[in-house]
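Hello,

Here is the structure I promised to pass on to you. Please have a look at it first, and then read my notes below.

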Amino acid sequence: MLMAGKNWCNGDKELVKAIYASLKEEEGMLISYKGKSPHLHIRRYLVDWLAVQAECFQMTSHTIHLAVFLLDRIMDRDENSNEAHLHIVAMACLLIATKFEDKEDMVMKLGRFVRRVINGIISQDEFLLLELEVLDMFDWRVNVPTAVHFLDYFLQVAVTDQEKYKGIQEGVKFNAPVYIKKYTKYFLDISLQNHTFSFIKPSLLAAACIASSRICLNLSPTWTRALQETTSYSWGDISSYIGIMLKAHEADEMAQMKENSEANVTDGNKSFHDSRDEVKPFVDVRRS
């Protein structure tokens, strides 16, 4: 898409409408997700690994979502790969996604990293062939829209003018537009880890992320007329996915509370760091 980091939604209104219409058209042609891979049990691990690398290299959300999209469809089709091979496939997906969504210097940095990781496992030529196999699998049409692209557009109406400073958390008012962006990124990260969200359209996922964020920020009504008109989704269309997201959010909060509790009883001379902090691709944004 090559729109990462670009404020395409703030341009000429007619151009923006044309881009959005193109995204919707391309969304209708996406390869469907079946979720029948015999290796679904390691999907969470592979996605976590991709998220860690994306964070380390400061990649955009567009890149990681495209990489996971590619990986999901490959796992659907390839039933014979072993777990070690899928790890290398995940690297290929990330490198391809980087080439389409990030700047050239990022591609070079990640390329050097991948070469170090695969050293001794497969040759550089074999990895290059793997990249070509992935591209051929998608007929080289890998510049597909993800939920991040639609979120860029939907965020324009995620908060009304009247709500901008009416959000309340723990009795304190805050800047709702700033926090809606933090929360939607948080829920996008959650969606990557649960393959249930791979079954639905990216635009529907983006809409569910916004609604879940508005619930967390106590913005009412949760689903405004502007959001319904902009996204073309009703409350009934998104409600079931909101429930999954909020349950994941609650579980994450419980885990974080447990970590904080354990940290308080750790030796005061040694700072507490749970190893999961290094691999966890999302945080409670209200504490950031």
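**Overall picture**

The protein chain has 11 helices and 2 strands. Along the sequence they follow the pattern α-α-α-α-α-α-α-β-β-α-α-α-α. Please keep in mind that this is a predicted model. Of the 288 residues in the protein chain, 48% count as buried. Among the contacts in the protein chain with a separation of 6 or more, 78% are between residues 24 or more positions apart.

**Confidence**

The average pLDDT of the protein chain is 83, and 84% of the residues score at least 70. Which elements have the lowest and the highest mean pLDDT? Strand E1 (residues 167–169) has the lowest, at 53, and helix H9 (residues 202–216) has the highest, at 96. Over residues 269–288 the pLDDT stays under 50, and for this stretch the model has 40 contacts beyond four places in sequence.

**Aromatic pairs**

There is quite a bit to look at here, with a count of 11 aromatic pairs. One of them joins Tyr20 and Phe154: the ring centres are 6.1 Å apart and the planes meet at 65°, over the 60 degrees that edge-to-face requires, so the pair is edge-to-face. Tyr20 belongs to helix H1 (residues 13–27) and Phe154 to helix H7 (residues 147–154), so this pair ties together parts that are 134 residues apart in sequence. Are these two residues buried or exposed? Tyr20 has a relative accessibility of 11% and therefore counts as buried. Phe154 is also buried, because its relative accessible area is 0%.

Phe154 has another partner in Phe150: their ring centres are 6.2 Å apart and their planes lie at 35°, so this pair is tilted. Both residues sit in helix H7, 4 residues apart, which is about one turn of the helix. Phe150 is buried, as is Phe154. Together with Tyr153, the residues Tyr20, Phe150 and Phe154 form one aromatic cluster.

**Charges over rings**

Arg77 lies over the face of Phe138, at 5.9 Å from the ring centre. Lys182 lies over the face of Tyr179, and here the distance from the ring centre is 5.1 Å.

**Helix H8**

Helix H8 covers residues 176–193, and I compared its length with what its residue count predicts. At 1.5 Å a residue, its 18 residues should span 26 Å; the C-alpha atoms at its ends are 26 Å apart, so the two values agree.

**A buried glutamine**

Gln53 is part of helix H2 (residues 43–56). With a relative accessible area of 9%, Gln53 is buried, because the cut-off is under 20%. Which residues does Gln53 touch, not counting those up to four places away in sequence? Gln53 touches Met59, Leu94 and Phe113.

**Cysteines**

How many disulfides are there? The count comes to 0. Cys93 counts as buried, at 0% relative accessibility, and Cys216 is buried as well, with a relative accessible area of 9%.

**Backbone details**

Most residues other than glycine have a negative phi, and most peptide bonds are trans. The peptide bond between Ser220 and Pro221 is cis, with omega about 0°. Pro221 lies in the loop between H9 and helix H10 (225–231).

Asn218 lies in that loop between H9 and H10 too. Its phi is near 60°, a positive value in a residue other than glycine. At 52% relative accessibility, Asn218 counts as exposed, because the cut-off is over 50%.

Trp140 has a positive phi as well, near 65°, and is likewise a residue other than glycine. Trp140 is found in the loop between helix H6 (124–137) and H7. With 48% relative accessibility, Trp140 counts as partly exposed.

Best wishes

Notes: Residues are numbered from 1 along each chain as its sequence is written. This is a predicted model: local features need pLDDT of at least 70, side-chain atom pairs count only at pLDDT 80 or more; totals for chains, interfaces and linings use all residues. Side-chain values use heavy atoms; hydrogens and water are left out. The expected span of a helix is 1.5 Å times one less than its number of residues. Rings of Phe, Tyr and Trp (its six-membered ring) pair if their centres lie within 6.5 Å; planes under 30 degrees apart count as stacked, over 60 as edge-to-face and the rest as tilted. Buried means under 20% relative accessible area, exposed over 50%, partly exposed in between (1.4 Å probe, protein chains only). A charge sits over a ring if NZ of Lys or CZ of Arg is within 6 Å of the ring centre and within 35 degrees of the ring normal. pLDDT is the predictor's confidence in each residue, from 0 to 100. Contact means heavy atoms within 4.5 Å. A disulfide is a pair of cysteine sulfur atoms within 2.5 Å.
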